[in-house]
Amino acid sequence: MALLVVAGLCITSCDSDDNNENNGGDIRDINVTAISALGLYQEDFIDDGTDIFLITLANVKISGQINDPIIAGKGEIVFVQLMANTKELGELPVGTYKVVIAKSDFKDGACLGEFCGYLTTNEDGTPNKDNKSFQSGTITIARTGSTYTVSVDVVLSNKLTLTASYEGEIEFMPVFESTLTKDQVVDVAGYPGTVDFFTNPRTDDGNKTPIPANIWYFHTMKMIASGQENEPNTDAIILYLLAPDNFIFTDGMPVGTYTIKDEYEAGQYIALPGSKSTDGQNNLLHSWYLHFPADREAALGGTPLVSGTVKVSKEGDIYTIELDGLDDAFPVQHKVTGTWTGKVTYTNQGEMKAAAKVSMFVPTPFLDRAF
């Protein structure tokens, strides 16, 4: 889940020139006074109660989500990413956070410099490709009641110094991955269905405890003739089904109702909720709805399935899979429903290899568009 904070804010610079280094190489200070902020957090970043907090400050009205904000016009943006051990979910602890460069130093009380920065926006609100990351300095957080005071004092990657301040409310909202804006009926009629079968899955909590289940990794999608790419403007479903391990490969995918949840008990039928890999690659894991756009240059529409049910039935060698799921959107989730019917092609992948548990960095606002 993810949260999002939306509010307006104002920034002023001590110089009206652009913010690149001048020809003489002199340092020119940038002073930012913010009047509104957006906030977001990712809970339990490294499974020890440590959360990630993102704050974006701007001198123009901002609305929408922090990782894809709607910016009203020309302005300046300051954004920071902080790590903190929290006592209350979604509440940023007060204190001074130090800018660090090495990811190994990104721990409680730190700000990762490469995911923090300063940039400007155009009249239409689009960011310029002038982002400058933080190289050193501090971000200080104070709080009285619901009012936060944010003080930024850093050196940027172009050797300019930046000071920024904000005083006001910040509503931190949880991270979510869904790209849906309304309920979705999935269209996968007539698509081929395949299942990868795995045995001996293990927990990824460090203990690698064996799970008394086998994995039936179902996916249906439409490929172009070469088989190398998905057909444009098509849907896809990926379902990571766990069923009791007395069902083996030659039995075929077990029929029954699978509950979408992330805890397995012996004898249960479950579908693991959608998530992303924690190796820095952000690969899609487990159960997802996908939409491949007509424009191949457009972003893939990815929606993790985090709750609901998957019903599997069979007549002869024809399977029917009925999806009745929910995405991870906040504060209102969207329904994802659809039915697939057809024959299943199986591949026996053998024993599942347990993956190591590693941390994942939260995407920072603007970075993809600013570079």
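This is a predicted model: local features need pLDDT of at least 70, side-chain atom pairs count only at pLDDT 80 or more; totals for chains, interfaces and linings use all residues.
If we take the contacts with a separation of 6 or more, residues 24 or more positions apart account for 61% of them.

Let me turn to the aromatic rings, where the structure holds eleven pairs. One of these is formed by Tyr148 and Phe172, an edge-to-face arrangement with 5.7 Å from centre to centre and 85° between the planes. This pair links distant parts of the chain, since Tyr148 sits in strand β11, residues 147–156, and Phe172 in strand β13, residues 172–174, which places the two 24 residues apart. Are these two residues buried or exposed? Tyr148 is buried, and Phe172 is buried as well. Ring pairs also join Tyr148 and Phe172 with Tyr41 and Phe53, giving a cluster.

Now to the charged side chains. In general, side chains of opposite charge can pair when their charged atoms come close. In this model there are three salt bridges, and I will take them one by one.

In one of them, the side chains of Glu91 and Arg143 meet at 3.3 Å, N to O. Glu91 lies in the loop between β6 (75–85) and β7 (95–100), while Arg143 belongs to strand β10 (residues 132–144), so the bridge ties together parts that are 52 residues apart in sequence. Glu91 has 35% relative accessibility and therefore counts as partly exposed, and Arg143, at 32%, counts as partly exposed too.

Another bridge joins Lys343 and Asp317, whose closest N and O atoms are 3.5 Å apart. Here both partners come from loops, Lys343 from the one between β26 (335–342) and β27 (344–351) and Asp317 from the one between β24 (307–315) and β25 (318–326), so parts 26 residues apart in sequence are tied together. Lys343 counts as exposed at 53% relative accessibility, whereas Asp317, with a relative accessible area of 44%, is partly exposed.

The remaining bridge is between Lys335 and Asp324, at 3.0 Å, N to O. Lys335 is in strand β26 and Asp324 in strand β25, eleven residues apart, and this pair again links distant parts of the chain. Lys335 is partly exposed at 37% relative accessibility, and Asp324 is partly exposed with a relative accessible area of 36%.

Definitions and conventions:
Residues are numbered from 1 along each chain as its sequence is written. Side-chain values use heavy atoms; hydrogens and water are left out. Rings of Phe, Tyr and Trp (its six-membered ring) pair if their centres lie within 6.5 Å; planes under 30 degrees apart count as stacked, over 60 as edge-to-face and the rest as tilted. Helices (H or I, at least four residues) and strands (E, at least two) are DSSP runs, numbered from the N terminus. Buried means under 20% relative accessible area, exposed over 50%, partly exposed in between (1.4 Å probe, protein chains only). Contact means heavy atoms within 4.5 Å. A salt bridge is a side-chain nitrogen of Lys or Arg within 4 Å of a carboxyl oxygen of Asp or Glu.
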